[in-house]
Amino acid sequence: FPVTILVVENRVGQRDDFFHVNEVIRKTADKFQWVFLGAFPLSLIDLVKAGKVEFHQWKRLYEYGETISNLNVNMMVAPLQDNIFNRSKSDLKYIEACAFGLPIACQDMCTYSNADIKFKTGDEMIDRIVTTLKDVDRYKSICKKGRQYADTRWLETDQNVDCYVELYTTPYGSTQRPNIDRK
């Protein structure tokens with residue numbers, strides 16, 4: 001089963017967002033088709049060179065959606081190290097996966113509080129992937145639910161655009177934020 005992973009690799013020798021899942025990716029390289037877009041963990045370079053892990057260079061932003069679509073993947077994962085920087089990130093990878101109609105297994109931390117499929121360790125990540133992909137009806141249900149969620153967050157609707165305008169123009173806690181505070 002192809003699993004696409006969207007990440008920008010930390011190339012300065014620090015523990016990156018994949019540090020805790022690299023070994024399970026290595027162990028499952030013959031079981032899953034791991035696909036990296038943009039970068040890959042340097043510790044997996046031997047698998048990339050051997051063709052056991054697929055790697056694609058970054059594309060320009062306006063080619064991004066078509067690139068993901070053409071990879072023909074059926075799931076995404078979003079591992080993160082638990083640190084202040086990552087806890088401050090948006091859940092963009094989750095929203096993107098939902099918009100593509102793909103399930104995504106996300107790191108179990110506040111960044112991905114809205115995600116349905118979460119993991120703490122590499123082994124849990126693999127368990128979540130297997131569980132998601134083995135039941136076609138469950139898989140379809142997750143894909144449909146994700147698309148519905150993306151519609152509530154994506155910028156194609158005036159109301160969603162208004163949320164972002166309010167975010168940048170109206171003080172936090174103001175009663176004049178009807179779009180952000182809607183339920």
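Which residues does Arg 177 touch, not counting residues up to four places away in sequence? With contact meaning heavy atoms within 4.5 Å, the list is Glu 166, Leu 167, Thr 170, Pro 171 and Tyr 172.

A quick word on the ground rules: this is a predicted model, where local features need pLDDT of at least 70 and side-chain atom pairs count only at pLDDT 80 or more, while totals for chains, interfaces and linings use all residues. Residues are numbered from 1 along each chain as its sequence is written, and side-chain values use heavy atoms, leaving out hydrogens and water.

Back to Arg 177, which sits in the segment after helix H8 (158-169). Arg 177 is buried but has no salt bridge, and Glu 166, the nearest side chain of opposite charge, is 5.1 Å away. Buried means under 20% relative accessible area, exposed over 50%, and partly exposed in between (1.4 Å probe, protein chains only). A salt bridge needs a side-chain nitrogen of Lys or Arg within 4 Å of a carboxyl oxygen of Asp or Glu.

Now the rings. Phe, Tyr and Trp (its six-membered ring) pair if their centres lie within 6.5 Å; planes under 30 degrees apart are stacked, over 60 edge-to-face, the rest tilted. That rule gives five aromatic pairs, including these:

| Pair | Centres | Planes | Type |
|---|---|---|---|
| Phe 40 and Phe 55 | 4.9 Å | 75 degrees | edge-to-face |
| Tyr 94 and Tyr 149 | 5.4 Å | 50 degrees | tilted |

Phe 40 is buried at 9% relative accessibility, whereas Phe 55 is partly exposed at 24%. Tyr 94 is buried too, at 6%.

Conventions: Helices (H or I, at least four residues) and strands (E, at least two) are DSSP runs, numbered from the N terminus. Lys and Arg count as positive and Asp and Glu as negative; His and the chain ends are not counted.
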